[in-house]
Amino acid sequence: MKKIVTMLLTVCLLLSAVAAFASCGHEHSFKSDWSKDATHHWHACDGKDCTEVSEKAEHTWGDPVVNEAKEKVYTCSVCSHTKTEAIKTTVTADEWTAAFDLGTNWKITFTATHPVYHQTMTIMQMRDGNKFHCKETMKDTESGAEESYEDFDEIVGEQWYGYRYDREQDKFEKVTVTDPVDERLASMMADYLPEFIKDQDTYTYDEAKKAYVADEILADEDYADIKSVALYFEDGKLVALEYVIVMEETEVPYSATFTYGDASVTLPTNLIEG
Ligand SMILES: [Zn+2]
Ligand SMILES: [Zn+2]
C-alpha cells in the first residue's frame, strides 16, 4: 500500500513538473520592443509559442496634437502607439453663439504681418479667472529688431485694476480702472472679436478647409475693408480665425488662435510705490 501511495505521489509530482515545463519550458526572455493593441502595451516573450508577457499596462495618452486632417492624434508616452479621434469642425445654429463664448480661461494669440512695412505684430492675451495678461510684440522682419511691452489686469469684486508697465522704472504701476467691470470686459472682447464676425448668416462651411468662410467684404470702414474671413471650430469652440485687412490698397493677413483651459497668469509684484 505504502508503495502505491509513493508511486502515485511521484507520478503527481512528475505530472506537475511536466505541466510547469509545458507552460514555460525556458527562462522567459522579453523583447525590448513593445507589443501593443488598441488599449494596452506589453513586452512579449521571445520563446516559441510562449504567451508570457511583461509590464503589460494601459496606454498613457498625452495631450493630443491636431493633424492636417483635423483629427486629434494621441500618442502613448510609453510605447508611442497612436490613436486618432475626429474633431467636430461644424457648428449648428443652436451652438453658434456658445462657440464664441470664450469662458474664463483662455489664451488668444493674434498675428499680423504688414508686407510693405515689414513688421509683424503679435498680441497675446490671456485670461485666468479674474486675472489678465496682455503682451504685444512688434518685430521688424528685415532687421529682426523686436520691441514688446506687456501689462496685466485684475478684477477684485466690482473693481478693475490695471498693472501698467513703466519702461523708465522697469516696474508696474497699479492703477484703478473706473469703467464698470461688465463694460470693460465687453470692450476687451470687442477688440478681438468684433460683432460682425459672429454673424452666422455671413458664412458658408467649406468642407475642404473645414472652416466657415465669408467671401464678401465684412466691414467697409473709412480706412480698411475686412475680407476673406475664415472661422475654425473644434468641438463647439472657436479655435482660430483668419482674415485680410485691406489698408490703403495693401492686403494685411491676420490670424488668431484660441486655446482653452491652460492659461495661467501671475500678477507682477515689482510695483511702483505710492
Ligand atoms: Zn517565455
Ligand atoms: Zn502604450
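Reader: Ground rules before we start?

Author: This is a predicted model, where local features need pLDDT of at least 70, side-chain atom pairs count only at pLDDT 80 or more, and totals for chains, interfaces and linings use all residues. Residues are numbered from 1 along each chain as its sequence is written, chains are lettered from A and ligands numbered from 1 in the order in which they are written, and side-chain values use heavy atoms, with hydrogens and water left out.

Reader: How many helices and strands in the protein chain?

Author: Three helices and 18 strands. Helices (H or I, at least four residues) and strands (E, at least two) are DSSP runs, numbered from the N terminus.

Reader: What percentage counts as buried?

Author: Of the 274 residues in the protein chain, 32% are buried. Buried means under 20% relative accessible area, exposed over 50%, partly exposed in between (1.4 Å probe, protein chains only).

Reader: Which residues have the most contacts inside the largest nonpolar core?

Author: Y203, L231, F233 and Y243, in a core of 30 residues. A nonpolar core is a set of buried Ala, Val, Leu, Ile, Met, Phe, Trp, Tyr and Cys residues joined through side-chain atoms within 4.5 Å.

Reader: Which elements give two or more residues to it?

Author: α2 (93–99), β7 (105–114), β14 (211–214), β16 (224–234), β17 (237–247) and β18 (250–260). β16 gives the most, five residues.

Reader: What does F233 touch?

Author: Leaving out residues up to four places away in sequence, F233 touches K88, T89, V91, W96, A99, F100, Y212, L238 and V239. There is also a second, separate core of eight residues, with M126, F172, A263 and L267 among them.

Reader: Switching topic. How many disulfides?

Author: Zero, counting a disulfide as a pair of cysteine sulfur atoms within 2.5 Å.

Reader: Are C76 and C134 buried or exposed?

Author: C76 is buried, at 2% relative accessible area. C134 is buried too, at 11%.

Reader: Now the largest pocket. What volume?

Author: About 460 Å³. On a 1 Å grid over the protein atoms alone, a pocket is an open set of points where a 1.4 Å probe fits, with protein on both sides within 12 Å along at least five of seven lines; lining residues have an atom within 4 Å of a point. Grid points are joined across faces, edges and corners, and the volume is the space filled by probe spheres set on the points.

Reader: What lines it?

Author: There are 21 lining residues, and V66, E234, V239, F258 and T259 lie nearest the centre. β7, β16, β17 and β18 each give two or more. The largest share, six residues, comes from β18.

Reader: How does the lining divide by residue type?

Author: Nine nonpolar, five polar and seven charged.

Reader: Where does D262 lie?

Author: In the segment after β18. D262 is exposed, at 57% relative accessibility.

Reader: What about phi of H118?

Author: Near 55°, a positive value in a residue other than glycine. H118 sits in the loop between β7 and β8 (119–128) and is partly exposed, at 29%.

Terms used. Contact means heavy atoms within 4.5 Å. Ala, Val, Leu, Ile, Met, Phe, Trp, Tyr, Cys and Pro count as nonpolar, Asp, Glu, Lys and Arg as charged, and the others, Gly among them, as polar.
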